[in-house]
Amino acid sequence: MTHAPLTLFNSLTRKPEPFAPVHDGEARVYSCGPTVYNYPHIGNMRAYVFADTLGRVLSWRGYRLTHVINITDVGHLTDDADAGEDKLEKAASERAQSIWDIARHYTDAFKADVDALNIRQPAEWTVATDYIDAMIDFATSIADRHCYEIDSGLYFDTASVADYGRLARAVTEEGEGRIDAVEGKRNAADFAIWRRTPPGETRQMEWDSPWGRGAPGWHLECSVMSGQVLGFPFDIHTGGIDHREIHHPNEIAQNQAFCGCGGLDEAVHSGAKIWMHNNFLVDRTGKMSKSSGEFLRLKLLRDRGYHPLAYRMMCLQAHYRSELEFSWDGLLAALTRVKRLLTGARNAIGASGETVASGAVMADLAIDNARLRALLDRFDAALADDLNTPVALTVLDEAVTAKKVPAEEKAALVAAMMAVLGLPLLAREDFRIRPQSAQLDETEVEAAMDRRKAARAAKDFATSDAIRDELAAKGVEVMDGDPLGWEWQPG
């Protein structure tokens with residue numbers, strides 16, 4: 001059977017395009033990673049749920065995936081452009097810690113969140129400070145033709161490449177509004193390739209270079225790491241939509257300069273054939289900003305009794321290019337849906353002993369039943385349509401509840417669908433997370449449930465009801481007739 005081609009929306013051309021790999025049978029993907037100066041908030045993590053979904057779909061389509069995520073531990077300034085302090089230097093100074101310790105701690109925290117959301121490990125984590133020599137070589141190779149020096153360092157002349165800012169649509173959308181003026185720049189959009197350490201100052205992270213002692217610019221890092229590991233041009237570059245305005249246009253300009261490429265009418269001149277961006281997570285609670293103390297991170301969700309996979313489900317329920325509004329009610333609905341789905345999936349798969357593999361491949365599925373085959377085709381068509389996960393989820397729901405179909409084929413199909421969407425077959429008990437505000441611990445709840453069971457056996461329903469109400473008041477939902485028996489109510 002002929003399947004629809006995988007079509008992905010290219011932010012550079014602003015249109016959907018069939019995926020045609022640079023190297024036959026391979027898919028090389030680079031995702032902009034975190035700046036490890038603080039914990040990631042859940043809006044940051046949406047980008048990696050999206051990138052993970054993309055990678056799983058590429059694997060599902062049979063491509064050999066090489067996915068790279070970088071760790072930015074130097075060079076990213078506080079205003080995302082060329083003014084302010086380095087985010088890592090600032091964090092280290094505020095906390096009176098080594099910048100290396102700060103980077104290590106928050107890198108570990110980010111990777112823990114990656115694991116909690118069942119995001120697959122990339123083929124390689126590239127760390128910016130491991131590539132300083134390569135960055136200096138890259139900058140040296142383009143400096144004569146595309147850069148100039150001012151007191152604060154080496155700057156890229158954006159007028160030296162064709163179509164600068166096309167990704168951001170800077171001319172029509174005022175995409176350069178966040179760039180502050182720096183004295184001596186030729187053009188407002190010019191950006192730092194190498195930031196010289198000011199006289200009399202010492203940074204914890206600084207290196208010698210032909211342009212003085214200092215540190216690389218944020219944009220230089222990703223051009224160097226993506227090109228070094230994946231080679232130019234590679235297939236897909238991903239990131240949050242906020243990168244579309246400054247960071248990625250600057251990467252593209254550097255790539256054009258390094259490769260000696262022409263204008264952006266040909267997307268490969270940008271360094272990647274396709275640029276993909278997930279939209280924002282919109283927060284009405286006022287807790288998204290990292291400057292607000294207790295901001296929205298996965299730990300806060302856990303503290304309130306929500307399993308991280310509820311957030312993954314929330315992301316999957318919206319198309320990656322749509323804004324996603326966060327609310328606690330929405331998260332609770334996603335938690336309910338993922339628990340119901342996983343219960344049904346375990347029932348469907350458990351009977352035949354199927355397991356979910358992380359690299360499910362569509363071509364390996366032997367589905368002969370016409371009804372299940374139709375579900376497979378609809379599921380694949382949804383994912384092939386620019387990763388339409390909301391539709392794919394509805395098809396998965398249909399597969400889980402399908403009746404009068406071969407059990408082994410249904411199990412294989414459901415297992416594959418779950419794997420592509422990154423939903424592991426956890427037991428419902430795994431979702432029973434104690435909210436930080438809960439007044440009881442699990443031992444106390446079990447003891448109360450034993451007392452209630454004894455009261456019901458003695459037909460003392462008044463006592464039974466009182467225990468149930470007491471538990472409900474303390475955040476425990478009693479579920480009569482359910483093998484699980486009880487679970488915490490998220491706060």
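Two rings of Phe, Tyr or Trp, the last represented by its six-membered ring, are taken as an aromatic pair if their centres lie within 6.5 Å. In this predicted model, a search of the whole structure finds 16 aromatic pairs.

One of these pairs is formed by Y39 and Y106, whose ring centres are 4.8 Å apart. The angle between the planes is 85°, and the arrangement is edge-to-face because planes over 60 degrees apart are classed in that way. The two residues belong to distant parts of the chain, 67 residues apart. Y39 is located in the loop between β3 (26–31) and α1 (42–60), whereas Y106 is part of helix α3 (residues 99–116). Y39 has a relative accessibility of 21% and therefore counts as partly exposed, while Y106, at 8%, counts as buried.

W194 and W211 form a tilted pair, with 6.2 Å from centre to centre and 50° between the planes. W194 lies in strand β8 (residues 191–196) and W211 in the loop between β8 and β9 (214–216), so this contact ties together parts that are 17 residues apart in sequence. W194 is buried, with a relative accessible area of 1%, and W211 is likewise buried, at 7% relative accessibility.

Ring pairs also join Y30, F138, F232, F234 and F258 into a cluster.

Charged side chains are found over aromatic rings as well. R321 is placed over the face of F9, at 4.0 Å from the ring centre. The charged end of R432 lies over the ring of W486, at 3.9 Å from the centre of that ring.

Conventions
Residues are numbered from 1 along each chain as its sequence is written. This is a predicted model: local features need pLDDT of at least 70, side-chain atom pairs count only at pLDDT 80 or more; totals for chains, interfaces and linings use all residues. Side-chain values use heavy atoms; hydrogens and water are left out. Rings of Phe, Tyr and Trp (its six-membered ring) pair if their centres lie within 6.5 Å; planes under 30 degrees apart count as stacked, over 60 as edge-to-face and the rest as tilted. Helices (H or I, at least four residues) and strands (E, at least two) are DSSP runs, numbered from the N terminus. Buried means under 20% relative accessible area, exposed over 50%, partly exposed in between (1.4 Å probe, protein chains only). A charge sits over a ring if NZ of Lys or CZ of Arg is within 6 Å of the ring centre and within 35 degrees of the ring normal.
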